[in-house]
Amino acid sequence: MFDLSGESVIVRISIVIGLGALAAASVFLLVAFALRGRLVRQTERRAAIEAVWLPVMLQSMRQEFPTTPTLRRRERGAVLALWNRMTAAIEGEAVERLCVFADRAGLITAARALSKEGSGEELVVAATFLGRNRDAAGVPVLLDLAQKEPIVVRAEAARALVRIEPEAGVRSVVPMIARWEDCHSAVAVAILRDAPSEVVSEVVAGHALAAQDPGAQARLVDVLAIIKGRAGHAAARTLLDRQPPPEVASRCLAVLREHRAPEDAILVRPYLKHEMPFVRVQAVAALARLQGSGDVWRIAGCLGDRDWWVRNRAARAVVTSPAIARSLVELLASVHPDRYARGALVQVLGEIGAS
Amino acid sequence: MVGPRILVIEDEPDISGMLQFYLESEGFEVELIITGAEAMDRLATDPPALVILDYMLPHHNGLTILRQLRETAAWVKTPVIMLTAKSSEHDQVAGFDAGADDYVVKPFQLDSLVARVQRLLKGA
């Protein structure tokens with residue numbers, strides 16, 4: 001009797017679990033079908049819009065000004081995205097004609113409206129359009145977009161500002177980049193790409209030197225390491241002389257490494273003794289690149305560093321240095337008094353030998 | 001009267017659409033191919049007057065297609081313009097080494113591309 005009752009409970013629980021799983025699977029399938037249907041409808045609607053607008057834009061590129069279709073509210077995003085894609089692929093007079101077309105067809109008004117009320121994707125489309133159209137009247141709209149979330153909207157708006165007025169754009173955008181903790185240096189460089197590199201280097205260097213927040217300072221120096229301008233190099237030297245916070249120092253060393261000026265070695269050498277391993281790693285890397293007289297032996301002195309990363313980086317620098325013969329490195333690998341140094345050299349020699 | 005036939009091998013519909021419109025406006029007949037596999041199959045048939053070839057294509061890249069094209073007897077003398085976003089000197093040299101007659105980097109000027117097509121066809 002007791003057993004039968006237990007079996008009955010198990011059967012009931014199994015049925016409930018089975019029905020629950022069936023219900024969950026049904027809901028999942030319904031949602032999946034609904035999303036798929038929505039995607040198909042969106043794709044079809046976009047294709048229908050492009051079928052109308054693409055031929056008209058193509059004709060306008062050949063200096064034929066066709067009658068423009070009425071731009072409906074729900075079509076704005078798709079039409080602006082089509083215009084953006086076309087202007088991304090080409091340059092020259094055809095782009096100028098597409099800009100004239102954009103004005104005649106009301107696309108500029110549409111982009112401004114979309115920038116106020118669009119979805120995240122539409123905000124990006126509007127920012128891209130205003131930047132490619134290079135209409136100075138779009139600057140206030142873009143300054144507003146550059147305050148919005150997420151970063152992709154801010155970054156596209158900032159890039160558009162630089163496109164419209166390269167020098168003024170850089171001056172207004174660099175302080176924003178300094179504040180944006182979520183802006184990777186590669187994104188920052190992409191934002192600034194359309195401005196003259198020396199202007200970018202000068203403005204970024206100025207803000208890096210003046211920054212009070214180490215995070216902002218580090219982000220700006222990261223940008224200087226990529227763009228490699230003269231002002232950026234000078235700023236990195238000045239900052240290193242001030243003994244900045246570790247995250248800034250390591251990035252300044254990266255800037256010096258990129259510039260390969262032998263006279264920078266004197267600034268780099270003290271950082272081989274820095275308390276933070278990531279700074280010492282950057283100092284070894286920079287000194288290895290600068291190849292100053294006798295520096296290979298200073299780097300060899302880091303083979304016995306207390307941190308594995310520093311030892312490994314030093315071993316790589318010593319093994320690949322043209323200033324020291326392979327036979328001497330092999331001797332060092334067998335007689336160095338520090339077993340970790342010997343281990344690092346043997347490891348790197350093995351890797352290099354195998355490659 | 002239909003002009004010389006241009007084969008456009010390009011997987012981006014916006015760009016191939018623009019090229020088709022522009023070239024047809026100039027009186028050329030345009031044939032579009034999207035993938036590298038289709039391009040390889042196309043080598044078995046009659047060559048066009050000129051080929052505009054994208055570098056980055058599905059299945060086979062533009063360089064592979066170009067090398068195969070230059071090894072196909074009927075296509076050996078067909079002028080080829082490489083049209084690509086790859087702008088480095090290394091990529092351009094690779095394109096010319098593989099047998100390209102001209103190399104155009106995206107974003108490109110449509111009028112300039114059409115002029116290059118006409119120049120190559122005059123020389124062919």
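The legends below describe close-up views of a predicted model. Local features are given where pLDDT is at least 70, and side-chain atom pairs count only at pLDDT 80 or more, whereas totals for chains, interfaces and linings use all residues. Residues are numbered from 1 along each chain as its sequence is written, and chains are lettered from A in the order in which they are written.

**View 1. The contact between chain B and chain A.** Here 12 residues of chain B are in contact with 13 residues of chain A; contact requires C-beta atoms, placed from the backbone, within 7 Å. Two elements of chain B, helix 1 (13-25) and helix 5 (110-123), each give two or more residues to this side. Helix 1 of chain B gives the most, with six residues. Helices are DSSP runs of H or I of at least four residues, and strands are runs of E of at least two, numbered from the N terminus. By class, the side of chain B that touches chain A has six nonpolar, three polar and three charged residues. Nonpolar covers Ala, Val, Leu, Ile, Met, Phe, Trp, Tyr, Cys and Pro; charged covers Asp, Glu, Lys and Arg; the others, Gly among them, are polar.

**View 2. Helix 4 and helix 5 of chain A.** Helix 4 (residues 107-117) and helix 5 (residues 120-133) of chain A pack at an angle of about 140°, with their axes 8 Å apart. Axes are lines fitted to C-alpha atoms over the stretch in contact, and angles run from 0 to 180 degrees between N-to-C directions. The two helices are therefore oblique to each other, a class left for angles that are not under 35 degrees (roughly parallel), over 145 (roughly antiparallel) or 65 to 115 (roughly perpendicular). Residues of helix 4 of chain A, including L107(A) and L114(A), meet residues of helix 5 of chain A, among them L123(A) and F129(A). This contact has nine nonpolar, two polar and one charged residues.

**View 3. Two cis peptide bonds.** The peptide bond from E149(A) to P150(A) is cis, with omega near 0°. P150(A) lies in the loop between helix 6 (139-145) and helix 7 (151-164) of chain A. In chain B, a cis bond joins K106(B) and P107(B), with omega about -5°. P107(B) lies in the loop between strand 5 (102-105) and helix 5 of chain B.

**View 4. Positive phi at R134(A).** R134(A) is not a glycine, yet its phi is positive, about 50°. R134(A) sits in the loop between helix 5 and helix 6 of chain A. With 14 C-beta neighbours inside 10 Å, R134(A) counts as partly exposed, the class between buried (20 or more other C-beta atoms within 10 Å) and exposed (12 or fewer).

Terms used. Contact = placed C-beta atoms within 7 Å.
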